[in-house]
Amino acid sequence: MKLDRYKTHDIEIVIDRMVVENSSENEKRLNESIKTAMYHGENVLMILDQDSEKIRFFSRNLMCPTTGISYQNPEPNLFSFNSPKGACEHCNGLGTVNEINLKKIIPNPNLSIKNGGFAPLGEYKSSWIFKQLEIIGKKYNFKITDAIETISEEHGNDFEWWQEKFSVESKTLGITKEYKIEFEGISHFIKTNMMKAVQQP
């Protein structure tokens, strides 16, 4: 099993399935199962009631008896900003968050895409990103010559079509081929170019 070393994963191991009975054999089996679960679960175990599907957690670590929330014992990684265990979930331990300002991307919504409505792209050029925008326009019934303010918000959130795939026909030498593109958005285009600018000497 391959896991991402930079992410925290929850792995559950089924230790035992049993019917609770008031007998010495059952008690011995339950005791052994709890010890095994605590060993492999690093002092945390989960019990699932098969009838009600209710889950209960038990822990030897720091646990609130009221809510059942359990915390692992303090260790240096929990207080380290550059560790996945201690890093801020919002900024990933960097201390800053880069966000796209839509007004910087579209300073004048009266302009069309072709006339430079997307400031980072500038005016129309014979490039792949403008070709992609034309393909998107055909699917969502707008043209790159339309003013941006007339394009409905239903056509995309912050002009990012992350999960969309678009079919393109390419006719060469009498052969028609169809292939798909995935457009990652204007914001992604800006971030990528910012990274390139930073990496340049």
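**Legends to the close-up views**

**Figure 1. The whole protein.** The protein exposes about 16600 Å², of which carbon and sulfur atoms supply 51%; accessible areas come from the Shrake-Rupley method with a 1.4 Å probe, and for residues only the protein chains shown count as cover. This is a predicted model, in which local features need pLDDT of at least 70, side-chain atom pairs count only at pLDDT 80 or more, and totals for chains, interfaces and linings use all residues. Residues are numbered from 1 along each chain as its sequence is written, and side-chain values use heavy atoms, with hydrogens and water left out. The protein has four helices and six strands, taken as DSSP runs (helices H or I, at least four residues; strands E, at least two) and numbered from the N terminus.

Figure 2. Ser-59 belongs to strand 2, which covers residues 55–59, and counts as buried because its relative accessible area is 16% (buried means under 20%, exposed over 50%, partly exposed in between, with a 1.4 Å probe and protein chains only). Leaving aside residues up to four places away in sequence, Ser-59 touches Met-38, Asn-43, Val-44 and Ser-70, where contact means heavy atoms within 4.5 Å. The side chain of Ser-59 reaches the backbone nitrogen of Asn-61 at 2.8 Å, and a polar atom of the Ser-59 side chain lies 3.4 Å from the backbone oxygen of Asn-43.

**Figure 3. Ile-11 before helix 1.** Ile-11 is found in the segment that precedes helix 1 (24–40). With a relative accessible area of 53%, Ile-11 is exposed.

Notes: Polar contact = N/O pair within 3.5 Å; in protein donor to acceptor, adjacent residues only side chain to side chain.
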